[in-house]
Amino acid sequence: MDIILDKLNEEQYESAVSEANYLQISAGPGTGKTSTLAARIFYKQFSEGLNPDELIAISFSRSAKEQLIHKMQEYTDLMGYGSIIDIMTFHSLAHRIIRYGVFTGETEFRDGFRVVNTEDYYKINPEIIKDLCKEYASRELAAQALAKCLNLLRQGSHLENDVLIHWSAIKPGKVYKINMDASTRINIHSPDIIEYWKRVERLFKIRNELDYQGLITEAVNLLLKKKNTYNIITGELKHIFVDEYQDTSISQENLLVALAAEKQDITVVGDENQTIYTFNGSNLENMKRFLKRFENIPNKKCRQIHLKQNYRSTKSLINLSNHLLERELITPTDITPYKEDYQPVIVDTQSIELAAVYIAREIYHLNIVENVALTDICVLFRKDSEHSPQLESLKKELDLLNISYDENARETEKKADVKKEILSLYEKYPDHELSELLELIKEDNFSEEAAIFIKDAIEMGAKESEELIDYLIDMDEKRFTDNDSKIKLRTVHSSKGQEYQIVFVLYLGDRQFPHGSNPDVEEEKRLLYVAVTRAIDRLYILGKHGVHAEDFLGKCITAPNINYVLFNTRVEKEYLEGYGLSQADKEIIRETSKEQEYKNDQNKKRLTKYMEEW
């Protein structure tokens, strides 16, 4: 165990060995939170004598779960011993709880219940929204809005600031404003959402199905009964670990509290400054109130530890990150001064098309002249949709320079076929251990994908065939796979937890980033913070000054030790570099252009003010 603990810094070490019953590890980006969490899990096993069956880890996403598994495997290889504990997502854990609820007869659902997306019910039966939201001609849009509203209400979102577990809790006369994209908001009136909720519940019972939020709701109900299902799930459980806690919803928080019930110890890891999913139900207050929930429990210790030392980025990148949120959130480490410290490049350009030109040319230079591998480069964008098409221009410019990119890097596995195979395996071998199952499927001509899925489930802690079903629901999570010969094109949200040598961020400006006509500026700031902290060595941020919303580009420009570039024409770069201008001349041109741009922005703001007053 010492071989792991010796690798940790002081704060990481304290987190790993803390005697606190309720421990909150507030870990900034690049501070080694996964290593610290894995170290604490093994410390509980080997220094406190807990068995792997007495521990469980819950992750917000499949990708975060896999990162923790890989780190634990790395540690077991290093130590030469150790067991990986059960690691599940909230949804796969909820599925397991309901499965035991079926066994004990404490739920209305029956054996073989299925999980579906809420939105799919309209595709299955369009009558589910008959006479609902009639003021909207697009029935598909109305169906999507009703589904989103239902999920947000059950998650405990900003719509009510609490979890609604039944349609009867909706107050008469209530109107819920549902944002569908940057330019579309749907008003859902209480009679419509009540009737929709009733119809969905009816389908649940008739079809023996649940949607994903329904899993969480039903699992919480079963645990709160404190009967046989609760006893089976929590019988041997001593400690619960939760990763990416800042992204949990109130309903997921309720699931954790119901699972622990003041008996099990809890360690949560997260960073409130990286809360970027509030639009999808995540609650910023979960991190802030975690310890307050347990501080009055007798004979239980509470503690919060901050991880601030960033092992990922250069000093200039760390300074820019802190500058964006106006607090010292992360600090350099002892090894940081030995890294080559490139200045972050802030490119002021008036259109996405020009930003695409700059990015393509810079990537070409990095690859051809500096011999940087394309796989070390990632372009992060806020959103690419009909209303915010940020990628089309970039892909066009990359194609002109024959630069390969992985626009279709989604997993290509045939998920539906694999699911059918796994379900048929469970029906044929319901009581077999998974190690035996791997041998049996060779004789039954099952696919290689099914075998891989079983091996992955074993790595995540599954032992018997019935446990495979719990992991099936994680297959629907959208994931990226990396191509070693192409640059990566990613949304900022999908890059969470990842790191790249060189990062381009596209595209700051009104309605783009911050996104929408009425953006949640604080969440957009956190999202930009996440984007900036993905970079290891070099960072390029492109955009234009904000006029209507907060000026993110202006904020970046005022950061210390940055390289400001004004790029307002396709030929500007060749002009400055190809006509023998001195460095002083170039600086004069840039400064003059910068002053003129500032004046133009001031004029725009004055004009906007006059128009608003008028």
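This report describes the sheets, helices and nonpolar cores of a predicted model.

Residues are numbered from 1 along each chain as its sequence is written, and side-chain values use heavy atoms, with hydrogens and water left out. In this predicted model, local features need pLDDT of at least 70 and side-chain atom pairs count only at pLDDT 80 or more, while totals for chains, interfaces and linings use all residues.

**Overall content**

The chain has 23 helices and 18 strands; helices (H or I, at least four residues) and strands (E, at least two) are DSSP runs, numbered from the N terminus. Of the 614 residues in the chain, 53% are buried. Buried stands for under 20% relative accessible area, exposed for over 50%, and partly exposed for the range in between, with a 1.4 Å probe and protein chains only. Among contacts in the chain with a separation of 6 or more, 78% are between residues 24 or more positions apart; a contact requires heavy atoms within 4.5 Å.

**The sheet containing E1**

Six strands form an open sheet in the order E3-E2-E8-E9-E1-E10, with parallel pairing. Strand E3 (86–89) and strand E10 (302–307) are at the edges and have a single partner strand each, so one side of each lacks a neighbour in the sheet. The twist from one strand to the next averages 15°. Axes are lines fitted to C-alpha atoms, for helices over the stretch in contact, and angles run from 0 to 180 degrees between N-to-C directions.

Within this sheet, Leu-23 stands opposite Thr-267 in E9. Helix H3 (residues 33–46) packs on the sheet, where it touches E1, strand E2 (55–59), strand E8 (239–243), E9 and E10. The direction of H3 makes about 170° with that of E8. Helix H5 (residues 90–104) also packs on the sheet, touching E2, E3 and E8, and its direction makes about 100° with that of E3.

**The sheet containing E14**

A further open sheet of six strands has the order E15-E14-E16-E17-E13-E18, again with parallel pairing. Its edge strands are E15 and strand E18 (563–566), each of which pairs on one side only. Neighbouring strands are turned by 20° against each other on average, direction ignored.

All five of the five residues of strand E14 (residues 377–381) are buried, so E14 is largely enclosed by the rest of the structure. Ile-377, Val-379 and Phe-381 lie on one side of E14, and Cys-378 and Leu-380 on the other. In a regular strand the side chains alternate between the two faces of the sheet.

Helix H14 (residues 352–368) lies across strand E13 (345–348), E14, E16, E17 and E18, and runs at about 165° to E16.

| Strand | Partner strand | Bridges |
|---|---|---|
| E1 (residues 22–27) | E9 (residues 265–270) | five bridges |
| E14 (residues 377–381) | E16 (residues 500–508) | five bridges |
| E14 (residues 377–381) | E15 (residues 488–491) | four bridges |
| E16 (residues 500–508) | E17 (residues 535–543) | seven bridges |

Ile-377 has Ile-502 in E16 as its bridge partner, and Phe-381 has Thr-491 in E15. Tyr-500 stands opposite Ala-535 in E17.

**Helix H7 and the cores**

At 1.5 Å a residue, the 17 residues of helix H7 (residues 139–155) should span 24 Å, and its end C-alpha atoms are 24 Å apart, which agrees. The expected span is 1.5 Å times one less than the number of residues. H7 is mostly covered, with 12 of its 17 residues buried; among them are Ala-142, Leu-146, Cys-149 and Arg-154. Gly-156 follows H7 and has a positive phi, near 90°.

The largest nonpolar core has 69 residues, and those with the most contacts inside it are Tyr-176, Ile-188, Ile-193, Tyr-196 and Ile-240. A nonpolar core is a set of buried Ala, Val, Leu, Ile, Met, Phe, Trp, Tyr and Cys residues joined through side-chain atoms within 4.5 Å. H7 gives the most to this core, with nine residues. Domain 1 (1–95 + 219–307) and domain 2 (114–207) both give residues to this core, so the core lies between them; the domain bounds come from an automatic or database domain assignment.

Not counting residues up to four places away in sequence, Ile-188 touches Cys-133, Ala-145, Leu-146, Cys-149, Lys-174, Val-175, Tyr-176, Ile-178 and Ile-193. A second, separate core of 32 residues includes Val-347, Val-357, Leu-394 and Ile-502.

**Leu-132**

Leu-132 is in the loop between helix H6 (120–124) and H7, and is buried with a relative accessible area of 4%. Beyond four places in sequence, Leu-132 touches Arg-139, Leu-146, Asp-192, Glu-195, Tyr-196 and Arg-199. Leu-132 and His-189 are 57 residues apart in sequence and 9.4 Å apart in space, C-alpha to C-alpha.

Notes:
Two strands pair if DSSP finds at least two bridges between them.
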